[in-house]
Amino acid sequence: MMVGVQHYLFVSAVLASLGVIAMVSRRNAVSILMGIELILNAAALNFVAFGRYGPETAATPWLSGQIFGIFIIVLAAAEAAIALAIIIAIYHARASINADELQELRQ
Amino acid sequence: MTPGAHAAAWLWLIPALPLLGALLNGFFGKSMQQRWGTRPISLIGCGVLAAAFALSVYSFARLLGSDPRILEQSVWSWMVVGDLQVDFGFRVDPLSAVMILVVTGVGTLIHIYSTGYMHADAGYYRYFAYLNLFVWAMLTLVLGSNLMMMFIGWEGVGLCSYLLIGFWFTDVQKAVAGMKAFLVNRVGDLAFVVGAFALFWGLQRHDAATFDFEALRSAAPLLMHDTIFGFHLPTFVGICFFIGATGKSAQIPLYVWLPDAMAGPTPVSALIHAATMVTAGVYMIGRTSALYELAPGALTVVAAVGGATALFAATIGLVQTDIKKVLAYSTVSQLGYMFLGMGVAAFAGGIFHLMTHAFFKACLFLGSGSVIHAMHHEQDIRKMGGLRKYMPVTYRTFLVSTIAIAGLPPLAGFFSKDEILWKAWSSPLGNPVLWALGAAGAGLTAFYMSRLVFLTFWGECRADEHTKHHIHESPRSMTMPLVVLAVLAVIGGWVGIPAALGGRNHIEHFLAPSFGLEQSAADAHTGAPAGAGHATETAPGHASDTRGGGAGHGSAETPGHGGAVGTHATGHGHDPMEYVLMAVSVAIALLSIGLAHHLYVRRPELPERLATRFRGAYRTLLNKYWVDELYQATVVRGTHAVSRFLAAFDARVVDGIVNGAAAVTRFTSSLGGVVDRYIVDGAVNGIAWSFRTLGGQARRLQTGVVQSYVLVVFVGVAAIIVLSRFL
């Protein structure tokens, strides 16, 4: 069986779906964050897959998909660092990181 | 600046010093008096006056050494309106010089006297503050170089007079007397202002608008043929000014306040209501004499009113029993003399009498104050008598001043009074009737003044035992001014010994440049040697006629008479009539004194019998011709009636209009209110309600549950993807 681009896309869709499910179903802010990471990685996987199997054009030169993947990993790291810092700050203030209870901005 | 005038940068200090004293005593006097007693207050009060006097003497000395005799200082330009420029300026000319010397000199003596007289008064500091303020106002009045400056002083002295008459304001009668003085003065002030405006209006039409006195003297002839409301303009202005003068200087018909003004402390009566303030009217007429020269009609009014007042007030003085009231009516009468002199264009004579009167009347008032002080504030001369052995200094000075006012030579009153009487007879504006009024007044004056002396100082003491026991001579602070003033009352007249008696009449020559039209014309002719010979050929009384009419002044026909009307009339030729009149007036005075002696010393029961015999006349005089009652019935009640009418008019008509307008406004605004409430507010509230409802619906989306937001996002993304497939 030839491993083609559709296989990658299938894995990526599964990862994204798992991420969404994690975000929607979990209340713990850290779990939600983990869901976001899954979605981001699904997207990165897509970029790499398209970069490997897609045509090489002027708009999409060689390795451009992989470079996007690396960008996303870096951004995900930065995003995780900031999000965790916010979560720690919230925990200090309220002794809880339950997302349902963070409703101050809603009147 | 007047051409040729000398700059004198110190002039502002003369009025400023008393003002400084008034401010110091007025603002800090109370605490000073509580902390250190009366001494610092006296020092400030008398010190500033003495300094002002010294400056006045200095100015006088400088004035004598300058030619022409004018010192001037313009402190700043007060107002500039169109062509009119009014300076805040001071000027010393011979007339002002005499006035400031009298005001500061007599004023200083009276301040010193006051330190003794007011010693025990709780309002000592207030008294000195007012007194200094008065001197400031009076000095501004006489030093001011224009009509507006004079008006500052004019109102200022009126205010201070009010404050000092009502000094003991807890006594309602005294407070009322102050009010009366103020209100009566206002009547005169109104006329003064009207006169000033008319003058301005008249000069404006010739593009010569000015209030400056020196400029007025050259500009006045422009008005010669002008009319206002159909009246001759100079006459109208002159009469307006004179009405102002009758208020300030207590002449018929506005004299009524002055006798009541005796409610003030006695030194105040001496300073304000005898020696200085009341002479402001005389001074003003002298100051505006150029205008009066164009208006013989106005001068005639002045002379007639002055003569009538001289006699009228003297008759009231005959029967008064309050020592100060006698002196008050005497003052009114003497002021009448001054106006008589002014009215016959003997301006120098009037001012001369003003000066001598200041000396002896101040002395008399201060003497009466000394008596009142000793008698424990008893003022009724029927309860006095025999005081000469208790109070020798007061008695002697009082006697000297009485002789001076009675007009016996060689005391001051003789020369000045005689000058006026002679001019009333001989001047082109004078006539025997005016002379007779004056002479009769002089006789009455001699009579009531001797009566005052006899009743107060001679005979047996009629006071009760307690008072009698305490009668004492006053302290030195009070007797010293008396002595100085008595000496002045003797020698003060010697500066004006008429040529007929071998004198030089210095004061007349000194004052002459201040009067009449344009100064340059006056200078050109005074003392011209050729003129003197000419004057002997003309009758002295008529030599000045041409100037009296305001025409042809400075012409070749009138050499040697460049000054004011009549002031140079008695050049060399002495009319024998002058000696006759002099003898007559002395004889009248002696006779009156003799009669008084007969009635009040030799046969003291006679006056009583005369009073019962001529009951009607006696009661009329005692009640001062019922003039106060007449004014009460006409002017005061008339004013009340008018006020009541106006009040009713105000309540019915004016208030009715106002209330009607208010009702209309209320109705229209109630309509507006309905519109506002239902339409405008309805629109605003409706908009608010719709946003609120929409917002209420929209906020349901914001659940606050993060998971639902995520779900919405993904469902939305999915929907977009699905839709993009099919669209």
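Here is a friendly conversation about a predicted model, asking how some of its descriptions are reached.

Me: Why are H3(B) and H20(B) called roughly antiparallel?
Reply: The axes of helix H3 (residues 94–117) of chain B and helix H20 (residues 476–491) of chain B cross at roughly 150°. Angles over 145 degrees count as roughly antiparallel, and therefore H3(B) and H20(B) are roughly antiparallel to each other. Their axes come within 7 Å, and the crossing is left-handed.

Me: What makes the contact between those two helices, and how do its residues divide?
Reply: On H3(B), the residues include Leu109(B), Ile110(B) and Tyr113(B). On H20(B), Met478(B), Pro481(B) and Val484(B) are among them. The residues of this contact of H3(B) with H20(B) divide into ten nonpolar, three polar and no charged.

Me: H3(B) also meets H4(B); how do you know whether they are roughly parallel or roughly antiparallel?
Reply: Look at the angle again: the axes of H3(B) and helix H4 (residues 124–143) of chain B cross at roughly 175° and come within 9 Å. With the cut-off at over 145 degrees, that makes H3(B) roughly antiparallel to H4(B). Among the residues that meet are Met99(B), Val103(B) and His111(B) in H3(B), and Leu131(B), Val135(B) and Met138(B) in H4(B). The contact of H3(B) with H4(B) has ten nonpolar residues, four polar and no charged.

Me: What makes helix H10 of chain B mostly covered?
Reply: Ten of the ten residues in helix H10 (residues 266–275) of chain B are buried. H3, H4, helix H5 (147–165) and H15 of chain B are among the elements that cover those buried residues.

Me: And why is H28(B) described as hardly covered?
Reply: The count of buried residues among the 72 residues of H28(B) is zero.

Me: Why does Ile372(B) count as partly exposed?
Reply: Ile372(B) has 18 C-beta neighbours inside 10 Å. A buried residue needs 20 or more, and an exposed one has 12 or fewer, so Ile372(B) counts as partly exposed. You will find Ile372(B) in helix H15 (residues 347–374) of chain B. Leaving aside neighbours within four places in sequence, Ile372(B) is in contact with Thr266(B), His377(B), Glu378(B) and Gln379(B).

Me: What makes the phi of Ala345(B) worth a look?
Reply: Most residues other than glycine have a negative phi. Ala345(B) is not a glycine, yet has a positive phi of about 65°. Lys624(B) also has a positive phi, near 55°. Lys624(B) lies in the loop between helix H27 (615–622) and H28 of chain B, and is buried, with 22 other C-beta atoms within 10 Å.

Me: Where are there cis peptide bonds, and what is omega there?
Reply: Most peptide bonds are trans. A cis bond joins Asp67(B) and Pro68(B), with omega about 0°. Pro68(B) lies in the loop between helix H2 (39–64) and strand E2 (71–81) of chain B. The bond from Pro409(B) to Pro410(B) is cis as well, with omega near 0°.

Definitions and conventions: Residues numbered from 1 in each chain as written. Chains lettered and ligands numbered in written order. Predicted model: local features only at pLDDT ≥ 70, side-chain atom pairs only at ≥ 80, totals over all residues. Helix = DSSP H or I, 4+ residues; strand = E, 2+ residues; numbered from the N terminus. Axes fitted to C-alpha atoms, helices over the stretch in contact; angles between N-to-C directions. Parallel < 35°, antiparallel > 145°, perpendicular 65-115°, else oblique. Left-handed = near helix turned anticlockwise from the far one by under 90°. Contact = placed C-beta atoms within 7 Å. Nonpolar A, V, L, I, M, F, W, Y, C, P; charged D, E, K, R; others polar.
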